Amino acid sequence: MFKIGDLVTRKSYNNDLVFRINDIVDDLYILSGINIRLCADSYEDDLEKYEKDIDREEDYIDDSFKLERDDYFYLPGKILHIDSDDDYLERCLNYYKKVNIWAKGILKKEYEVADIIYDLLDKYKPDIVVITGHDAYYHKNNINDIKAYKNSSFYVDAVKEARKYEKSHQKLVIIAGGCQSDYEELIKAGANFASSPKRINIHALDPAIIAAHISLSSANDDIDLKGILETTKYGISGMGGIITKGTMYKGYPR
C-alpha cells in the first residue's frame with residue numbers, strides 16, 4: 001500500500017520516470033514528476049516504490065550569466081514566478097538567487113492563476129512572468145483540441161489575463177506551460193515562450209532558465225532565440241518562442 005508523499009515509478013513505462021504521490025482518489029493515485037513537469041495517474045498494481053536517492057538534475061550556470069562589473073552596473077529584469085508545485089517553485093527561486101536575479105514566487109494551482117494574475121502583475125510589476133506547474137497531453141485525443149490536455153486551458157486563460165494587463169510582448173515577457181502543453185495555443189494567447197512544440201516532457205527548471213536568460217539579456221538587443229532554447233534540457237522540442245528583446249539595463253558609472 002502506498003501513501004501520499006511516496007516516490008514511485010510506473011511498471012508499464014519501464015520505470016522510466018520518478019513521481020511523487022500527491023493524492024489518492026478512490027483507487028487512483030495522482031502523481032507528479034520529480035524532475036519533469038508532468039502529471040499522471042495510475043493504479044496501485046502498476047506502481048513500484050522508488051528506493052534510491054533522488055537525482056535532482058540541477059542545471060549548470062553557463063558563462064553567459066557572467067557580467068563585467070569593472071565599470072558598469074546592471075539592472076536585470078524582475079521575475080514573477082507562479083507555480084503549482086512547491087518543490088519546483090523553491091528550486092526555481094534558488095536558481096534565480098544563484099544568478100543574482102530578483103524574483104517573487106507565488107504558489108497557486110493551475111486553475112487558480114487566471115483569477116489572480118492581473119492583481120499580482122499590478123502589485124509586483126515584473127518584467128517577466130512565468131506561469132507553470134504540471135500538464136499532460138492525452139495522446140489518444142486530437143492534438144489540436146485543448147481539451148486533450150490536462151492543464152493547458154488554464155495556462156491559456158492565465159496568459160490571456162496577463163495580456164489584458166500588458167499587451168506588449170516587449171514590456172511584459174510571458175513564459176508559460178508544463179510538460180506536453182499545447183504550445184500553439186499558448187503562443188496565440190500571447191506567451192513569448194511556451195512548451196511544448198513536440199508535446200514532450202520538460203525539466204523542472206526549463207521555464208526558469210528561459211526567464212533568467214531574458215532577465216540578463218540587454219533591453220536594447222534582440223535575444224539569441226535559438227541559443228537560449230538550446231540551453232534548456234530538451235531544446236526546441238520542449239520549449240519554443242518568439243524573438244524579443246531582453247529586459248536588463250546597463251548603467252555607468254558603477
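# Exercises on side-chain contacts

The side chains of Thr 231 and His 213 make a polar contact at 3.4 Å. A polar contact is a pair of N or O atoms within 3.5 Å; within protein, one must be able to donate a hydrogen and the other to accept it, and residues adjacent in sequence count only if both atoms are side-chain atoms. The structure is a predicted model, in which local features need pLDDT of at least 70, side-chain atom pairs count only at pLDDT 80 or more, and totals for chains, interfaces and linings use all residues. Residues are numbered from 1 along each chain as its sequence is written, and side-chain values use heavy atoms, with hydrogens and water left out.

## Exercise 1: Thr 231

**Solution.** 
Step 1. Helices (H or I, at least four residues) and strands (E, at least two) are DSSP runs, numbered from the N terminus.

Step 2. Recall the classes: buried means under 20% relative accessible area, exposed over 50%, and partly exposed in between (1.4 Å probe, protein chains only).

## Exercise 2: Aromatic pairs

How many aromatic pairs does the structure hold, and how are the rings of Phe 2 and Tyr 29 arranged?

**Solution.** 
Step 1. Start with the rule: rings of Phe, Tyr and Trp (its six-membered ring) pair if their centres lie within 6.5 Å; planes under 30 degrees apart count as stacked, over 60 as edge-to-face and the rest as tilted.

Step 2. The structure holds five such pairs. In one of them, Phe 2 and Tyr 29 are edge-to-face, with 6.0 Å from centre to centre and 90° between the planes.

Step 3. This pair links distant parts of the chain, 27 residues apart: Phe 2 is in the segment before β1 (7-10), and Tyr 29 is in strand β3 (residues 28-33).

Step 4. Check the cover. Phe 2 is buried, with a relative accessible area of 12%, and Tyr 29 counts as buried at 2%.

Step 5. Now try Tyr 118 and Tyr 165: their ring centres are 5.3 Å apart and their planes are at 85°, so this pair is edge-to-face. Tyr 118 sits in helix α2 (residues 113-124) and Tyr 165 in helix α3 (residues 152-165), 47 residues apart. Tyr 118 is partly exposed at 38% relative accessible area, and Tyr 165 is partly exposed at 25%.

## Exercise 3: Charges over rings

Which rings have Lys 78 and Lys 250 over them?

**Solution.** 
Step 1. Apply the test: a charge sits over a ring if NZ of Lys or CZ of Arg is within 6 Å of the ring centre and within 35 degrees of the ring normal.

Step 2. Lys 78 lies over the face of Trp 102, 5.1 Å from the ring centre.

Step 3. For Lys 250, the charged end sits over the ring of Tyr 72, at 4.2 Å from its centre.

## Exercise 4: Salt bridges

How many salt bridges does a search of the whole structure find? Then work through three of them, starting with Lys 3 and Asp 6.

**Solution.** 
Step 1. Side chains of opposite charge can pair when their charged atoms come close. A salt bridge is a side-chain nitrogen of Lys or Arg within 4 Å of a carboxyl oxygen of Asp or Glu.

Step 2. The search finds nine salt bridges.

Step 3. Between Lys 3 and Asp 6, the closest N and O atoms are 3.1 Å apart. Lys 3 is exposed at 51% relative accessible area, whereas Asp 6 counts as buried at 7%.

Step 4. Asp 182 bridges to Arg 199, with the closest N and O atoms 3.4 Å apart. Asp 182 is in the loop between β10 (173-176) and α4 (183-189), and Arg 199 is in the loop between β11 (193-194) and α5 (206-215), 17 residues apart. Asp 182 is buried at 2%, and Arg 199 counts as buried at 7%.

Step 5. Asp 222 and Lys 245 form a salt bridge, their closest N and O atoms being 3.3 Å apart. Asp 222 lies in the loop between α5 and α6 and Lys 245 in the loop between β12 and β13 (249-251), so the pair ties together parts 23 residues apart in sequence.

Step 6. Finally, salt bridges that share partners join Asp 182, Glu 184 and Arg 199 into one network.
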